[in-house]
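Look at the fold first, then read on.

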Amino acid sequence: MSTNLVPPVKVLDMSERTESFPALSEGSRAALVRLLVHGPASRADLARRLRLSPASLTRIVRTLEDSGLVVESETTVPQRMGRPSQAMEVNVDAVHLVGIKLLAGEINLVRTDMRSTVLGHRTIPLQTVPLDPAIDRITEAILAEVAVDPAVGAVGISLAGPVDPSSDMVTHSPFLGWEDVPLARLVSERTGLPTVIENDVRALTAAEHWFGAAAGATDFVLVTIGAGIGCGVVIGDRLVDGNTGGAGQIGHLPITPSGPLCERGHRGCARSYLASSAMVGQASMALHRPDLTYAELVSLAHQGERVASRVVRDAGYALGTLIGLVTAITAPSKVIISGEGVTMVPLVMDVVQERASEVEHWAVPDVPIEIAEFGFVEWARGAAVIALQQLLEAAISPA
(Lines give C-alpha, C1' and ligand atoms only; values in the text may rest on other atoms or scores of the structure.)
Protein backbone atom coordinates (compact mmCIF):
# COMPACT_ATOMS: atom_id res chain seq x y z
CA MET A 1 0.00 0.00 0.00
CA SER A 2 1.28 3.46 -0.90
CA THR A 3 2.33 5.67 1.99
CA ASN A 4 3.17 8.86 0.13
CA LEU A 5 -0.20 10.60 0.39
CA VAL A 6 1.16 13.34 -1.85
CA PRO A 7 -1.27 16.10 -2.86
CA PRO A 8 -1.07 17.67 -6.31
CA VAL A 9 1.37 20.59 -6.19
CA LYS A 10 -0.07 24.06 -6.54
CA VAL A 11 2.16 27.00 -7.30
CA LEU A 12 3.31 28.49 -3.99
CA ASP A 13 6.36 30.73 -3.87
CA MET A 14 8.80 29.41 -1.27
CA SER A 15 9.30 32.96 -0.07
CA GLU A 16 5.66 32.92 1.03
CA ARG A 17 6.23 30.04 3.43
CA THR A 18 5.74 31.17 7.01
CA GLU A 19 9.10 31.67 8.70
CA SER A 20 7.96 29.69 11.73
CA PHE A 21 7.54 26.51 9.67
CA PRO A 22 10.78 24.59 9.18
CA ALA A 23 12.17 23.25 5.93
CA LEU A 24 11.55 19.57 5.23
CA SER A 25 13.21 16.88 3.19
CA GLU A 26 11.11 14.47 1.14
CA GLY A 27 11.73 11.81 3.78
CA SER A 28 10.80 14.00 6.73
CA ARG A 29 7.62 15.15 5.00
CA ALA A 30 6.65 11.53 4.32
CA ALA A 31 7.27 10.60 7.97
CA LEU A 32 5.31 13.61 9.20
CA VAL A 33 2.35 12.83 6.94
CA ARG A 34 2.40 9.18 8.04
CA LEU A 35 2.17 10.24 11.69
CA LEU A 36 -0.50 12.83 10.92
CA VAL A 37 -2.80 10.49 9.05
CA HIS A 38 -2.25 7.22 10.90
CA GLY A 39 -1.41 8.44 14.39
CA PRO A 40 1.46 7.63 16.78
CA ALA A 41 3.96 5.00 15.68
CA SER A 42 7.28 3.60 16.83
CA ARG A 43 10.49 4.32 14.99
CA ALA A 44 10.64 0.69 13.85
CA ASP A 45 7.10 0.85 12.44
CA LEU A 46 7.80 4.15 10.68
CA ALA A 47 10.97 2.75 9.11
CA ARG A 48 9.08 -0.32 7.89
CA ARG A 49 6.11 1.64 6.50
CA LEU A 50 8.33 4.17 4.74
CA ARG A 51 10.85 1.54 3.61
CA LEU A 52 13.74 3.36 5.25
CA SER A 53 16.78 2.00 7.05
CA PRO A 54 16.80 2.50 10.83
CA ALA A 55 19.70 4.93 10.47
CA SER A 56 17.86 7.04 7.90
CA LEU A 57 14.72 7.06 10.00
CA THR A 58 16.69 8.10 13.08
CA ARG A 59 18.10 11.11 11.23
CA ILE A 60 14.64 12.09 9.99
CA VAL A 61 13.03 11.80 13.41
CA ARG A 62 15.84 13.79 15.02
CA THR A 63 15.31 16.59 12.50
CA LEU A 64 11.56 16.59 13.11
CA GLU A 65 12.08 16.61 16.86
CA ASP A 66 14.59 19.47 16.66
CA SER A 67 12.11 21.50 14.64
CA GLY A 68 9.33 20.88 17.14
CA LEU A 69 7.10 19.02 14.66
CA VAL A 70 7.34 15.61 16.32
CA VAL A 71 7.47 14.63 20.00
CA GLU A 72 7.57 11.41 21.97
CA SER A 73 4.11 10.14 22.77
CA GLU A 74 3.01 9.35 26.31
CA THR A 75 1.86 5.96 25.06
CA THR A 76 3.76 2.90 23.89
CA VAL A 77 2.96 0.73 20.90
CA PRO A 78 3.27 -3.06 20.64
CA GLN A 79 5.99 -4.49 18.41
CA ARG A 80 6.08 -7.69 16.38
CA MET A 81 8.89 -8.90 18.59
CA GLY A 82 10.19 -7.77 21.96
CA ARG A 83 8.89 -5.20 24.41
CA PRO A 84 6.53 -2.33 23.50
CA SER A 85 8.29 0.69 22.04
CA GLN A 86 7.92 4.40 22.74
CA ALA A 87 5.77 5.97 20.07
CA MET A 88 6.35 9.19 18.16
CA GLU A 89 3.54 11.61 17.39
CA VAL A 90 3.00 14.96 15.69
CA ASN A 91 3.03 18.13 17.72
CA VAL A 92 -0.30 19.21 16.27
CA ASP A 93 0.06 22.74 17.64
CA ALA A 94 3.32 23.43 15.78
CA VAL A 95 1.24 25.30 13.23
CA HIS A 96 -2.46 26.12 12.97
CA LEU A 97 -4.48 26.65 9.80
CA VAL A 98 -7.41 28.81 8.75
CA GLY A 99 -9.92 27.20 6.41
CA ILE A 100 -12.66 29.14 4.65
CA LYS A 101 -15.63 27.88 2.63
CA LEU A 102 -16.98 30.76 0.57
CA LEU A 103 -20.72 30.80 -0.03
CA ALA A 104 -22.96 33.34 -1.71
CA GLY A 105 -23.53 35.70 1.20
CA GLU A 106 -21.38 34.00 3.83
CA ILE A 107 -17.85 33.21 4.98
CA ASN A 108 -17.70 29.91 6.83
CA LEU A 109 -14.40 29.88 8.72
CA VAL A 110 -12.57 27.42 10.94
CA ARG A 111 -9.21 27.45 12.67
CA THR A 112 -7.65 24.01 13.13
CA ASP A 113 -4.54 22.27 14.36
CA MET A 114 -2.40 20.06 12.15
CA ARG A 115 -4.69 17.06 12.66
CA SER A 116 -7.70 19.09 11.58
CA THR A 117 -9.22 19.40 15.05
CA VAL A 118 -11.44 22.49 14.96
CA LEU A 119 -10.20 25.10 17.45
CA GLY A 120 -12.59 27.86 16.42
CA HIS A 121 -15.52 28.35 14.07
CA ARG A 122 -17.32 31.45 12.84
CA THR A 123 -19.81 32.39 10.13
CA ILE A 124 -19.53 35.92 8.79
CA PRO A 125 -21.86 37.73 6.36
CA LEU A 126 -20.28 38.42 2.99
CA GLN A 127 -21.41 40.70 0.18
CA THR A 128 -19.46 39.27 -2.74
CA VAL A 129 -19.70 42.32 -4.99
CA PRO A 130 -18.11 44.77 -5.34
CA LEU A 131 -14.87 42.83 -5.12
CA ASP A 132 -12.59 45.01 -2.98
CA PRO A 133 -14.91 45.19 0.05
CA ALA A 134 -15.41 41.43 -0.22
CA ILE A 135 -11.65 40.80 -0.14
CA ASP A 136 -11.39 43.23 2.79
CA ARG A 137 -14.04 41.24 4.64
CA ILE A 138 -12.26 37.93 4.03
CA THR A 139 -8.93 39.45 5.08
CA GLU A 140 -10.38 40.93 8.26
CA ALA A 141 -11.80 37.54 9.23
CA ILE A 142 -8.40 35.87 8.77
CA LEU A 143 -6.48 38.57 10.65
CA ALA A 144 -8.94 38.30 13.54
CA GLU A 145 -7.96 34.63 13.87
CA VAL A 146 -4.26 35.47 13.71
CA ALA A 147 -4.75 38.06 16.47
CA VAL A 148 -6.01 35.40 18.89
CA ASP A 149 -3.77 32.60 17.59
CA PRO A 150 -0.26 33.58 16.40
CA ALA A 151 0.38 29.92 15.47
CA VAL A 152 -1.73 30.36 12.31
CA GLY A 153 0.66 29.65 9.43
CA ALA A 154 -1.43 29.26 6.26
CA VAL A 155 -4.88 29.84 4.78
CA GLY A 156 -7.02 27.62 2.58
CA ILE A 157 -10.10 28.87 0.73
CA SER A 158 -12.60 26.63 -1.02
CA LEU A 159 -15.46 27.54 -3.32
CA ALA A 160 -17.72 25.90 -5.86
CA GLY A 161 -16.64 25.55 -9.46
CA PRO A 162 -13.44 24.70 -11.32
CA VAL A 163 -10.21 25.87 -9.68
CA ASP A 164 -6.97 25.57 -11.64
CA PRO A 165 -4.35 23.83 -9.45
CA SER A 166 -1.54 25.77 -11.12
CA SER A 167 -3.10 29.19 -10.56
CA ASP A 168 -4.28 31.48 -7.78
CA MET A 169 -7.22 32.61 -9.93
CA VAL A 170 -10.93 32.15 -9.49
CA THR A 171 -11.68 32.00 -13.19
CA HIS A 172 -15.46 31.62 -12.93
CA SER A 173 -17.67 31.41 -9.87
CA PRO A 174 -21.39 31.76 -10.67
CA PHE A 175 -22.39 31.56 -6.99
CA LEU A 176 -20.07 34.45 -6.06
CA GLY A 177 -20.38 36.39 -9.31
CA TRP A 178 -16.59 36.48 -9.79
CA GLU A 179 -14.58 36.21 -13.01
CA ASP A 180 -10.76 36.02 -13.17
CA VAL A 181 -10.14 37.06 -9.57
CA PRO A 182 -6.58 36.38 -8.24
CA LEU A 183 -8.05 35.48 -4.87
CA ALA A 184 -5.10 33.65 -3.34
CA ARG A 185 -2.65 36.43 -4.21
CA LEU A 186 -4.92 39.20 -2.95
CA VAL A 187 -5.53 37.48 0.38
CA SER A 188 -1.87 36.53 0.81
CA GLU A 189 -0.72 40.10 0.12
CA ARG A 190 -3.07 41.50 2.75
CA THR A 191 -2.49 38.88 5.44
CA GLY A 192 1.17 37.97 4.89
CA LEU A 193 0.20 34.28 4.97
CA PRO A 194 0.58 31.67 2.21
CA THR A 195 -2.88 31.18 0.76
CA VAL A 196 -4.22 28.46 -1.52
CA ILE A 197 -7.60 28.06 -3.22
CA GLU A 198 -9.32 24.84 -4.19
CA ASN A 199 -12.63 23.54 -5.44
CA ASP A 200 -14.84 22.94 -2.40
CA VAL A 201 -15.62 19.29 -3.19
CA ARG A 202 -11.95 18.42 -3.70
CA ALA A 203 -11.08 20.21 -0.45
CA LEU A 204 -13.71 18.18 1.40
CA THR A 205 -12.34 15.04 -0.28
CA ALA A 206 -8.84 15.89 0.97
CA ALA A 207 -10.11 16.23 4.54
CA GLU A 208 -11.92 12.90 4.40
CA HIS A 209 -8.86 11.27 2.83
CA TRP A 210 -6.51 12.26 5.62
CA PHE A 211 -8.71 12.65 8.68
CA GLY A 212 -12.28 11.58 8.00
CA ALA A 213 -14.59 8.94 6.59
CA ALA A 214 -11.98 7.64 4.13
CA ALA A 215 -8.87 7.89 6.32
CA GLY A 216 -6.45 5.18 5.26
CA ALA A 217 -8.20 4.50 1.93
CA THR A 218 -5.94 4.77 -1.10
CA ASP A 219 -8.78 4.89 -3.64
CA PHE A 220 -12.25 6.33 -3.05
CA VAL A 221 -14.87 8.65 -4.48
CA LEU A 222 -16.86 11.39 -2.74
CA VAL A 223 -20.09 12.50 -4.44
CA THR A 224 -21.83 15.59 -3.10
CA ILE A 225 -25.42 16.56 -3.82
CA GLY A 226 -27.45 19.61 -2.94
CA ALA A 227 -27.41 23.07 -4.55
CA GLY A 228 -24.66 21.69 -6.79
CA ILE A 229 -23.46 18.26 -7.85
CA GLY A 230 -19.77 17.48 -7.38
CA CYS A 231 -17.30 14.65 -7.21
CA GLY A 232 -13.90 14.23 -5.58
CA VAL A 233 -11.66 11.33 -6.57
CA VAL A 234 -8.60 9.86 -4.85
CA ILE A 235 -6.55 7.34 -6.85
CA GLY A 236 -3.35 5.82 -5.51
CA ASP A 237 -3.41 8.18 -2.49
CA ARG A 238 -3.56 11.23 -4.75
CA LEU A 239 -6.35 13.76 -4.98
CA VAL A 240 -7.21 14.14 -8.67
CA ASP A 241 -7.35 17.73 -9.98
CA GLY A 242 -7.36 17.17 -13.72
CA ASN A 243 -6.36 19.63 -16.41
CA THR A 244 -7.05 23.23 -15.25
CA GLY A 245 -8.83 21.88 -12.19
CA GLY A 246 -11.78 20.48 -14.10
CA ALA A 247 -11.92 17.02 -12.49
CA GLY A 248 -15.16 16.09 -10.77
CA GLN A 249 -17.52 18.38 -12.69
CA ILE A 250 -20.24 15.75 -13.12
CA GLY A 251 -23.34 17.91 -12.71
CA HIS A 252 -24.25 18.04 -16.39
CA LEU A 253 -23.56 14.44 -17.37
CA PRO A 254 -26.57 13.08 -19.32
CA ILE A 255 -28.88 10.72 -17.44
CA THR A 256 -31.83 10.34 -19.88
CA PRO A 257 -32.54 11.86 -23.30
CA SER A 258 -36.02 13.07 -22.37
CA GLY A 259 -35.81 14.40 -18.83
CA PRO A 260 -36.38 17.90 -17.46
CA LEU A 261 -34.31 20.91 -18.53
CA CYS A 262 -31.55 22.33 -16.36
CA GLU A 263 -30.78 26.04 -16.13
CA ARG A 264 -28.24 25.74 -18.98
CA GLY A 265 -30.70 24.09 -21.36
CA HIS A 266 -29.49 20.49 -21.01
CA ARG A 267 -32.28 17.97 -21.13
CA GLY A 268 -32.09 15.07 -18.69
CA CYS A 269 -28.68 15.90 -17.16
CA ALA A 270 -27.75 15.07 -13.57
CA ARG A 271 -28.53 18.58 -12.29
CA SER A 272 -32.00 18.56 -13.83
CA TYR A 273 -32.86 15.51 -11.71
CA LEU A 274 -30.64 15.79 -8.67
CA ALA A 275 -29.98 19.43 -7.72
CA SER A 276 -32.13 20.40 -4.74
CA SER A 277 -33.55 23.46 -6.56
CA ALA A 278 -34.54 21.32 -9.56
CA MET A 279 -36.19 18.71 -7.35
CA VAL A 280 -38.15 21.34 -5.43
CA GLY A 281 -39.12 23.12 -8.66
CA GLN A 282 -40.58 19.96 -10.20
CA ALA A 283 -42.50 18.98 -7.07
CA SER A 284 -43.78 22.46 -6.24
CA MET A 285 -45.19 22.92 -9.75
CA ALA A 286 -46.96 19.55 -9.72
CA LEU A 287 -48.27 20.04 -6.17
CA HIS A 288 -49.15 23.73 -6.66
CA ARG A 289 -47.02 24.60 -3.66
CA PRO A 290 -44.72 27.50 -4.63
CA ASP A 291 -43.37 27.75 -1.08
CA LEU A 292 -42.27 24.09 -0.90
CA THR A 293 -38.84 23.53 0.70
CA TYR A 294 -36.39 20.70 0.15
CA ALA A 295 -36.91 19.42 3.71
CA GLU A 296 -40.68 19.35 3.11
CA LEU A 297 -40.17 17.51 -0.19
CA VAL A 298 -38.12 14.80 1.51
CA SER A 299 -40.68 14.56 4.32
CA LEU A 300 -43.53 14.15 1.81
CA ALA A 301 -41.59 11.42 0.00
CA HIS A 302 -41.00 9.68 3.32
CA GLN A 303 -44.77 9.76 3.92
CA GLY A 304 -45.39 8.19 0.51
CA GLU A 305 -46.86 11.20 -1.30
CA ARG A 306 -46.84 10.18 -4.97
CA VAL A 307 -45.36 13.25 -6.65
CA ALA A 308 -42.64 13.74 -4.02
CA SER A 309 -41.81 10.02 -4.11
CA ARG A 310 -41.48 10.11 -7.92
CA VAL A 311 -39.19 13.13 -7.85
CA VAL A 312 -37.00 11.59 -5.18
CA ARG A 313 -36.82 8.20 -6.90
CA ASP A 314 -35.86 9.86 -10.19
CA ALA A 315 -33.12 11.69 -8.30
CA GLY A 316 -31.96 8.36 -6.86
CA TYR A 317 -31.79 6.91 -10.37
CA ALA A 318 -29.65 9.85 -11.50
CA LEU A 319 -27.39 9.50 -8.46
CA GLY A 320 -26.95 5.77 -9.08
CA THR A 321 -26.06 6.50 -12.71
CA LEU A 322 -23.36 8.98 -11.66
CA ILE A 323 -21.92 6.60 -9.08
CA GLY A 324 -21.88 3.75 -11.58
CA LEU A 325 -20.07 5.86 -14.17
CA VAL A 326 -17.44 7.17 -11.76
CA THR A 327 -16.77 3.76 -10.19
CA ALA A 328 -16.52 2.11 -13.62
CA ILE A 329 -13.73 4.54 -14.48
CA THR A 330 -11.86 4.80 -11.14
CA ALA A 331 -12.54 1.42 -9.42
CA PRO A 332 -12.61 2.88 -5.88
CA SER A 333 -12.72 0.88 -2.65
CA LYS A 334 -15.75 2.87 -1.53
CA VAL A 335 -18.10 5.68 -2.49
CA ILE A 336 -19.18 8.31 0.03
CA ILE A 337 -22.29 10.41 -0.59
CA SER A 338 -22.58 13.74 1.19
CA GLY A 339 -23.80 17.32 0.81
CA GLU A 340 -26.83 19.21 2.07
CA GLY A 341 -29.10 17.13 -0.18
CA VAL A 342 -28.05 13.79 1.25
CA THR A 343 -31.15 13.47 3.48
CA MET A 344 -33.13 12.02 0.58
CA VAL A 345 -30.67 9.20 -0.13
CA PRO A 346 -31.81 6.71 2.57
CA LEU A 347 -35.29 6.78 1.01
CA VAL A 348 -33.95 5.56 -2.34
CA MET A 349 -30.74 3.71 -1.52
CA ASP A 350 -32.18 0.61 -3.19
CA VAL A 351 -32.61 2.56 -6.42
CA VAL A 352 -29.12 4.07 -6.14
CA GLN A 353 -27.44 0.71 -5.60
CA GLU A 354 -29.42 -1.08 -8.30
CA ARG A 355 -28.70 1.58 -10.91
CA ALA A 356 -25.01 1.82 -9.94
CA SER A 357 -24.69 -1.96 -10.34
CA GLU A 358 -26.27 -1.77 -13.81
CA VAL A 359 -23.74 0.83 -14.96
CA GLU A 360 -20.61 -0.62 -13.31
CA HIS A 361 -18.63 -3.27 -15.17
CA TRP A 362 -20.00 -6.75 -14.54
CA ALA A 363 -16.59 -8.16 -13.59
CA VAL A 364 -15.95 -5.62 -10.83
CA PRO A 365 -17.31 -6.39 -7.34
CA ASP A 366 -20.00 -4.03 -6.08
CA VAL A 367 -18.47 -0.96 -4.48
CA PRO A 368 -19.73 -0.13 -0.97
CA ILE A 369 -21.76 3.10 -0.86
CA GLU A 370 -21.78 5.07 2.41
CA ILE A 371 -23.77 8.13 3.48
CA ALA A 372 -22.00 10.86 5.45
CA GLU A 373 -23.84 13.98 6.57
CA PHE A 374 -21.34 16.85 6.71
CA GLY A 375 -22.13 20.39 7.84
CA PHE A 376 -20.47 23.54 6.58
CA VAL A 377 -17.85 23.23 9.32
CA GLU A 378 -16.58 20.13 7.53
CA TRP A 379 -16.37 21.98 4.22
CA ALA A 380 -14.29 24.75 5.80
CA ARG A 381 -12.17 22.11 7.53
CA GLY A 382 -11.43 20.73 4.07
CA ALA A 383 -9.98 24.08 3.03
CA ALA A 384 -7.74 24.01 6.12
CA VAL A 385 -6.47 20.55 5.13
CA ILE A 386 -5.63 21.84 1.65
CA ALA A 387 -3.68 24.67 3.29
CA LEU A 388 -1.79 22.17 5.43
CA GLN A 389 -0.97 19.92 2.47
CA GLN A 390 0.40 22.79 0.44
CA LEU A 391 2.33 24.19 3.39
CA LEU A 392 4.06 20.82 3.78
CA GLU A 393 4.74 20.64 0.06
CA ALA A 394 6.14 24.20 -0.07
CA ALA A 395 8.39 23.43 2.93
CA ILE A 396 10.40 20.82 1.03
CA SER A 397 13.92 22.10 0.54
CA PRO A 398 15.58 21.75 -2.87
CA ALA A 399 17.96 18.80 -3.00
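Q: Which residues touch the most other members of the largest nonpolar core?
A: The model is predicted: local features need pLDDT of at least 70, side-chain atom pairs count only at pLDDT 80 or more, and totals for chains, interfaces and linings use all residues. Residues are numbered from 1 along each chain as its sequence is written, and side-chain values use heavy atoms, with hydrogens and water left out. A nonpolar core is a set of buried Ala, Val, Leu, Ile, Met, Phe, Trp, Tyr and Cys residues joined through side-chain atoms within 4.5 Å; buried means under 20% relative accessible area, exposed over 50%, partly exposed in between (1.4 Å probe, protein chains only). The largest one has 52 residues, and those with the most contacts to other members are Leu32, Leu36 and Leu392.

Q: Which element gives the largest share of this core?
A: Helices (H or I, at least four residues) and strands (E, at least two) are DSSP runs, numbered from the N terminus. Elements giving two or more residues include α1 (26-38), α3 (54-66) and β11 (220-224). The largest share is eight residues, and it comes from α12.

Q: What does Leu32 touch, not counting residues up to four places away in sequence?
A: Contact means heavy atoms within 4.5 Å. By that test, Leu32 reaches Leu24, Leu64, Leu69, Val70, Val90, Met114 and Leu392.

Q: How many residues are in the other core, which includes Leu274 and Ile323?
A: This core lies apart from the largest one. Ala283 and Val311 are also among its members. Its count is 41 residues.

Q: Which residue of β5 is the bridge partner of Val98?
A: Strands β4 (residues 96-103) and β5 (residues 106-112) are antiparallel and share seven bridges. In β5, the partner of Val98 is Arg111.

Q: Which residue in the turn between β5 and β6 has a positive phi?
A: β5 and β6 run antiparallel, joined by seven bridges. Glu106 stands opposite Pro125 of β6. Five residues separate the two strands of this hairpin, and the one with a phi of about 70° is Ser116.

Q: Is Ile138 buried or exposed?
A: Ile138 sits in helix α4 (residues 131-148). Beyond its neighbours within four places in sequence, its contacts include Ile100, Leu102, Trp178 and Val187. Its relative accessible area is 0%, so Ile138 is buried.

Q: At what angle do the axes of α10 and α11 cross?
A: Axes are lines fitted to C-alpha atoms, for helices over the stretch in contact, and angles run from 0 to 180 degrees between N-to-C directions. Helix α10 (residues 306-330) and helix α11 (residues 349-359) have axes that come within 7 Å. Gly316 and Gly320 of α10 are among the contact residues, as are Val352 and Ala356 of α11. The crossing is at roughly 35°.

Q: Is Ser276 buried or exposed?
A: Ser276 belongs to helix α8 (residues 276-287). With a relative accessible area of 15%, Ser276 is buried.

How values were computed:
Two strands pair if DSSP finds at least two bridges between them.
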